[in-house]
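Thanks for coming, everyone. Please have the model open while I talk. I'll start with the interface and then move to two local spots.

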Amino acid sequence: MSDLGLKNPENIKDTSFSLGGRNFTNRFLLGTGKFKNKKELSASIKASGSQIVTVALRRIDVERHEENILEYIPDNVTLLINTSGARNAEEAIRLARLAKEAGYGNWIKIEVINDSKYLLPDNQETIKATETLAKEGFIVLPYMNPDMYAARDLISAGAAAVMPLGSLIGSNQGLQTKEFIKILINEINAPIIVDAGIGAPSQAAEAMEMGADAVLVNTAVATAQHPPLIAKAFAMAITAGRLSFLSKLPPVSEKANASSPLTGFLYNNK
Amino acid sequence: MIIQLNGTQKKLTQASTLAGIITTFTKNPEHVIAEVNGHITKKASWAKTQVKDGDVIELVSFVGGG
């Protein structure tokens, strides 16, 4: 946005978002888990305008032939394959290598979780996996607990971005880690994609307003009563938050500041 | 011949290639990724990979995920 909306206010657009050597015009990454049916998934992807969509890798159920999820994901969307199910770096690396073999690119979301109650990511193992996979040429997007040192290590290890959690996966609790994500936004010279726990478009807008580069949402969309509607709402909120960030918000004041002039009144001040 | 396919034992009555196993047990072979005894087996070599007794085969594919 070179003219900051002054030259072409009818058609204000966001700047493009560069990630892993590609440029994106949309900052909403959509997860594909938990949708009630493929029709809702397909409509939600379209409504979201997402250009990056996550999928997981699992054993095929050889007793029950299943539908293939890739049929519902448009070809022009970048597939981000997660390593969910990995409990340590070694398992994440194995999953990433398998994923690459499928021939859908080399974008990998590293997710290393060894706790079934809180599903918190293990930053140390995630750094190890990132190091190995980035060396092998993967575009690595690590899901992480928002810790500044870990984020630095991930970027040094070759991560293309960091994906700090807003709150626990699938909890819809919103930006519980807000202050720590702000530190990452200020200190880490790489894209910050807020992932996990975003439960409502207003929360996504807040993350973007803070200066996050993108947001990943899955549960809030997939489990809403009308997924395509909330997908659209998220897309709008993310754009709104982004433009708000670019506008450079005015400072907050404790006292009132009149919006109308305090001179030229029709009566005389006594 | 008994093999371990995706964690369960399968008895094969006749000799088979990996390609044969994949066609029999999956719906969309083009999206399948195969691992035999811990090693990724590329699609190009499925047809010439003879399945042996005791082989541990993993067939994976994509599912919805966040």
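Buried area here is the accessible area, with a 1.4 Å probe, that two parts lose on being put together, summed over both. This is a predicted model, so local features need pLDDT of at least 70 and side-chain atom pairs pLDDT 80 or more, while totals for chains, interfaces and linings use all residues. Residues count from 1 along each chain as its sequence is written, chains are lettered from A and ligands numbered from 1 in the order written, and side-chain values use heavy atoms, without hydrogens and water.

Now the interface. Between chain B and chain A, about 2,600 Å² is buried, and carbon and sulfur atoms give 57% of that. On the chain B side, Phe62(B), Val63(B) and Gly66(B) lose the most area to chain A, together 27% of what that side buries. In contacts (heavy atoms within 4.5 Å), 26 residues of chain B meet 32 residues of chain A.

Next, charges. A salt bridge means a side-chain nitrogen of Lys or Arg within 4 Å of a carboxyl oxygen of Asp or Glu. The two chains share 3 salt bridges. One of them joins Arg59(A) to Glu58(B), with the closest N and O atoms 2.7 Å apart.

Which elements of chain B touch chain A? Strand S2 (8–11), helix H1 (18–25), strand S3 (33–36) and strand S5 (56–64) each supply at least two residues. Helices (H or I, at least four residues) and strands (E, at least two) are DSSP runs, numbered from the N terminus. S5(B) gives the most, with 7 residues.

Pairing needs at least two DSSP bridges between two strands. Strand S4 of chain A, residues 52–59, runs antiparallel to S5(B), joined by 5 bridges. There, Val55(A) stands opposite Gly64(B).

Inside chain B, S3(B) pairs with S5(B), antiparallel, over 4 bridges. Glu35(B) faces Glu58(B) in that pairing. S3(B) also pairs antiparallel with strand S4 of chain B, residues 39–41, over 3 bridges. Here Glu35(B) is opposite Ile40(B). The hairpin of S3(B) and S4(B) has 2 residues between the strands, and Asn37(B) takes a positive phi near 50°.

Is S3(B) covered on one face or both? Both. Ile33(B) and Glu35(B) on one side, and Ala34(B) and Val36(B) on the other, are all buried. Buried means under 20% relative accessible area, exposed over 50%, partly exposed in between (1.4 Å probe, protein chains only).

Why does Ser244(A) count as buried? Because its relative accessibility is 12%. Beyond neighbours within four places in sequence, Ser244(A) is in contact with Glu209(A) and Leu249(A).
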